[in-house]
Amino acid sequence: MSPFLSSAPRTEKWQHLRLTLDEGVATVTLARPEKLNALTFGAYADLRDLLAELARERSVRALVLAGEGRGFCSGGDVDDIIGATLGMDTAQLLDFNRMTGQVVRALREAPFPVIAALHGVAAGAGAVLALAADFRIADPSVKFSFLFTKVGLSGGDMGAAYLLPRVVGLGHATRLLMLGEPVRAPEAERIGLLSELTAEGEAGTRAAALARRLADGPALAHAQTKALLTAELDMPLAASVELDAATQALLMNGEDYAEFHAAFTEKRPPKWQGR
């Protein structure tokens with residue numbers, strides 16, 4: 001994402017989500033607890049645009065995505081989205097589906113790690129948002145459900161058929177996307193869908209701690225690692241090795257690499273600058 005800004009001003013208030021910033025850590029909270037944080041057209045658009053703004057500004061070094069209330073996110077709002085899409089023509093439907101995919105791309109392409117703090121339901125689009133994060137930290141109440149076939153649609157929604165096999169393998173992904181059956185915390189941990197399973201009610205705290213650790217670390221190294229993990233999913237080995245070599249050569253000219261050596265020599269912790 002280019003850091004060069006246009007004449008459009010920074011968004012001061014987001015209507016469909018809550019944003020807090022704390023010394024390089026952004027926390028984005030889905031805040032419709034009475035609806036289990038079901039997503040609306042506005043919520044999708046806000047997520048898409050917020051992630052683009054944060055990526056351009058380069059002040060955020062880690063992001064936590066969370067949900068308020070009893071669950072993370074129950075997916076698309078049945079009345080606001082499913083009901084409305086029944087009256088749309090093909091062009092409008094394509095615009096909507098492209099927008100939801102843009103949110104997933106923004107999560108994957110953001111130049112900072114994204115941590116999903118999960119509890120309760122993570123269903124439909126909510127499950128895919130969690131899947132698109134770099135880390136998924138959940139407490140024992142979490143329940144994933146990839147529900148798309150249960151409403152008569154393809155399980156490969158919002159990039160799920162691309163991302164899920166790469167996280168849990170093709171066999172598990174086929175079962176989860178075809179059948180739409182719930183995946184509770186023990187199974188999610190067993191098949192690799194979770195990065196960390198916490199004690200009850202501790203997912204938010206652990207996600208915040210990880211975000212702080214990442215934000216205080218070498219931000220440019222984290223950004224490039226994330227970029228390579230995403231880019232190299234579909235590359236042959238020779239291309240991947242060459243991309244790794246070019247990336248390391250650039251980072252070896254950076255301030256953080258020199259700072260590590262200075263800190264090691266002086267027997268002190270590094271002072272990372274993200275440059």
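1. A word on terms before we start: helices and strands here are DSSP runs, numbered from the N terminus. With that in hand, helix 1 (residues 41-57) lies across strand 1, strand 2 and strand 3 (62-67). Its direction is at about 180° to strand 2. Please keep in mind that this is a predicted model.

2. Six strands form an open sheet with mixed pairing, in the order 1-2-3-4-6-9. Strand 1 (18-22) and strand 9 (196-197) are the edge strands, each pairing on one side only. Strand 1 runs antiparallel to strand 2 (residues 25-30), and five bridges join them.

3. Next, a helix pair. The axes of helix 9 (residues 219-231) and helix 10 (residues 237-252) cross at roughly 170° and come within 11 Å. Angles over 145 degrees count as roughly antiparallel, so helix 9 and helix 10 are roughly antiparallel to each other. In the contact, Leu-220, Gln-224, Leu-228 and Ala-231 of helix 9 meet Leu-243, Asp-244, Thr-247 and Leu-251 of helix 10. By type, the residues of this contact are five nonpolar, two polar and one charged.

4. The largest pocket has a volume of about 570 Å³. It is lined by 22 residues, of which Ile-81, Ile-82, Phe-148, Val-151 and Leu-153 are the closest to its centre. Helix 2 (78-85) and helix 3 (90-109) are the elements that give two or more residues to the lining, and helix 2 gives the most, with four. The lining divides into 12 nonpolar, eight polar and two charged residues.

Note on methods. Residues numbered from 1 in each chain as written. Predicted model: local features only at pLDDT ≥ 70, side-chain atom pairs only at ≥ 80, totals over all residues. Heavy atoms only, no water. 1 Å grid on protein atoms, 1.4 Å probe; cavity = no way out; pocket = protein on both sides within 12 Å on 5 of 7 lines; lining within 4 Å. Points joined across faces, edges and corners; volume = space filled by probe spheres on them. Nonpolar A, V, L, I, M, F, W, Y, C, P; charged D, E, K, R; others polar. Axes fitted to C-alpha atoms, helices over the stretch in contact; angles between N-to-C directions. Parallel < 35°, antiparallel > 145°, perpendicular 65-115°, else oblique. Contact = heavy atoms within 4.5 Å. Pairing = 2+ DSSP bridges.
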